[in-house]
Amino acid sequence: MNDPLIGLFGFLAVLALAALRVPIAIAMGAVGALGGILLMGWRSASYVMASLPFEAVFPYGLSVVPLFIFMGVFAAHSGLSGNLYAGVHAFMGHLRGGLAMATVGACGVFGAICGSSLATCATMGRVALPEMRDRGYDPGLAGASVAAGGTLGVLIPPSILLVIYALLTEQSIGALFAAAMIPGALAALLYMGAIRVRVGRDPAAGPAVEKASGAARLQAFWRMWDAFLLIVLVIGGIYAGIFSPTEAAAIGAGGALLFTALRGKLTLSTLGKGMQETAELTGMIFLILIGAALFNFFIEASGLTTLLVESITAAGLPPMAVLVLMLVFYVILGCFMDSLSMILLTVTPAFGIVTAFGFDPIWFGVLLVSVAEIGLITPPIGMNLFVIQGVSRELSLRVLSRGILPFIAADGLRVALILLIPALALWLPRQLGLAGG
Amino acid sequence: MTPPDPPHRDTALGGGARRIARAFARAMERTTRLFAGVGIAALAVAIGLVVVDVAWRRIGSQSLIGAVDLTQLCVMAAAFLSIPYAFMRGAHVTVDLFASRFGPRATRLLDAAGAALSAALVAFLLYLSWGRAMEQWRYGDVSQDLAIPMIAYWAFVLLGFALSALAALSLFLERLTAGEARG
């Protein structure tokens, strides 16, 4: 058996182990370790692998990951989400489907503080779902709007997924954050469009509520000051060149903790819960990074990436067709795997193909995270759908799966637009001097 | 004295093993929570350090010497001390694609097998890391700014893997013995 074939079997072995409930990090690590020894022999493989876990965690740039996790967790505990929802609600609630649109809008703003899709979904779900239920919203539309809105946390900066892509492919975090801004806003607008279409067909699914007065709107807007301050500090600080991403994440984490305290929510219980959640997410992400380091060492040793690039080139497919096939592959894989594991499992060969065909790695990063985002809401393994079920037990997966369809269509349209108009992702980083023109 | 009949003896043995496995898992839950708390407290220290560094650069026009070294040390602590806790909390990502169709007994056995593989892998990584850490200790390698011995960074790798191996082992034993009396 030749080496690339061993690499391919290794990839399939990870999928098989994952399907048998082995934690994905362990599946990647075990296959990577065994495959590495098989290809390179015990002496060479063990020498390289002895340093891989350390090197997977040690780089200073990776400090940004637990810091953004800390910031997101404490932002979720601070009660910022309630004010965000009320603020956007005051401006949009009177429209048909307005509460669902307000949910998407608030998720977008909260995603800009949080960086995690699951946390955005769980936090906004607790605020928005009871409100929509009380106003007679269709349960499928209500649940799906939170699940879809939650995915904005992955794309809208600061995004942990974008940070990890940037670190693995040696791209600028700032450039990727800038590149994701317009696609993130586009995603929110298209989700609102999907809600509009849904309530246009079935007005009873999202009844309008009374219009807020001008004074009430102003007051609701003013109450969102701390959320906006945090966003300006973190994102604005990076683009103004005041902070590096790690510094911005630390300032954001400290700010989230401070706002939690100022709002009187920093009790011992909240602190304990926040520390536990931070530890769970940090441990989970870093073990996946370690597993991926072992697996990618094996894949590189197998020469699978080179063979894939050569085979695709020899097949004579147009580069755009190759990219579309890759994105379709990711959408299908995303139905069964979580986005972080999916990206870490495949980024080495995928990045090799993308750069070999001359595509912009920043543009590809945004496309990759966009399709990973779709995986969060596609059954059967749409993580956000599970989170919504956890928040609202009466919502069945069947109802949610039906309600989510217009949002998946909106995602498909967005990915097609980014694919056809790369400037949607590349214009802003070029304007800011963060990416080559 | 009449000896107990075989089914009761099996159940008693099974019950004993289950109790021991549960006690081990509870002890590991407490231990890993404690170490995770230390790790996240270290992360809070890193936040403080970076904030002070940023402020000091603005006010004093110079960087806080060693801030990068200390931040890396704190993040190593946070990452490696959180991994065992994530094992105990079931936070490591799994895919529930087919297993839900297998029934509870098969699912439990699959989970036990997953925990055994986890314990084996992290024990293997501990073995490899131990060798490299001892090399670092012998050579006396230090960090760039504050000359912190690199073994201090490696200590968190070793501690994290050792605790993770024990945590995964406790999960393996707990899952293996759960429902043994029925089985």
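1. Start where the two chains meet: seven residue pairs are in polar contact across the interface of chain B and chain A. Keep in mind that this is a predicted model. On the side of chain B that touches chain A, helices H1 (6–60), H2 (67–88), H3 (104–139) and H4 (150–177) of chain B each supply at least two residues. By class, that side of chain B splits into 37 nonpolar, 10 polar and eight charged residues.

2. Salt bridges come next, and there are three between chain B and chain A. One to look up is Asp111(B) with Arg21(A), whose side chains meet at 2.7 Å, N to O.

3. As for extent, the contact involves 56 residues of chain A and 55 of chain B. About 4,900 Å² is buried between the chains, with 77% of that coming from carbon and sulfur atoms. Within chain B, the residues losing the most area to chain A are Val93(B), Val95(B) and Arg132(B), which together make up 13% of what that side buries.

4. The lining of the largest pocket counts 24 nonpolar, 13 polar and seven charged residues.

5. The second largest pocket comes in at about 580 Å³. Of its 27 lining residues, Leu167(A), Leu168(A), Ala293(A), Asn296(A) and Glu300(A) sit nearest the centre. Which element gives the largest share of this lining? That's H16(A), with seven residues. The lining of the second largest pocket has 17 nonpolar, seven polar and three charged residues.

Methods: Residues are numbered from 1 along each chain as its sequence is written. Chains are lettered from A and ligands numbered from 1 in the order in which they are written. This is a predicted model: local features need pLDDT of at least 70, side-chain atom pairs count only at pLDDT 80 or more; totals for chains, interfaces and linings use all residues. Side-chain values use heavy atoms; hydrogens and water are left out. Ala, Val, Leu, Ile, Met, Phe, Trp, Tyr, Cys and Pro count as nonpolar, Asp, Glu, Lys and Arg as charged, and the others, Gly among them, as polar. On a 1 Å grid over the protein atoms alone, a cavity is a set of points where a 1.4 Å probe fits but cannot get out, and a pocket is an open set with protein on both sides within 12 Å along at least five of seven lines; lining residues have an atom within 4 Å of a point. Grid points are joined across faces, edges and corners, and a volume is the space filled by probe spheres set on the points. Helices (H or I, at least four residues) and strands (E, at least two) are DSSP runs, numbered from the N terminus. Contact means heavy atoms within 4.5 Å. Buried area is the accessible area (1.4 Å probe) that two parts lose on being put together, summed over both. A salt bridge is a side-chain nitrogen of Lys or Arg within 4 Å of a carboxyl oxygen of Asp or Glu. A polar contact is a pair of N or O atoms within 3.5 Å; within protein, one must be able to donate a hydrogen and the other to accept it, and residues adjacent in sequence count only if both atoms are side-chain atoms.
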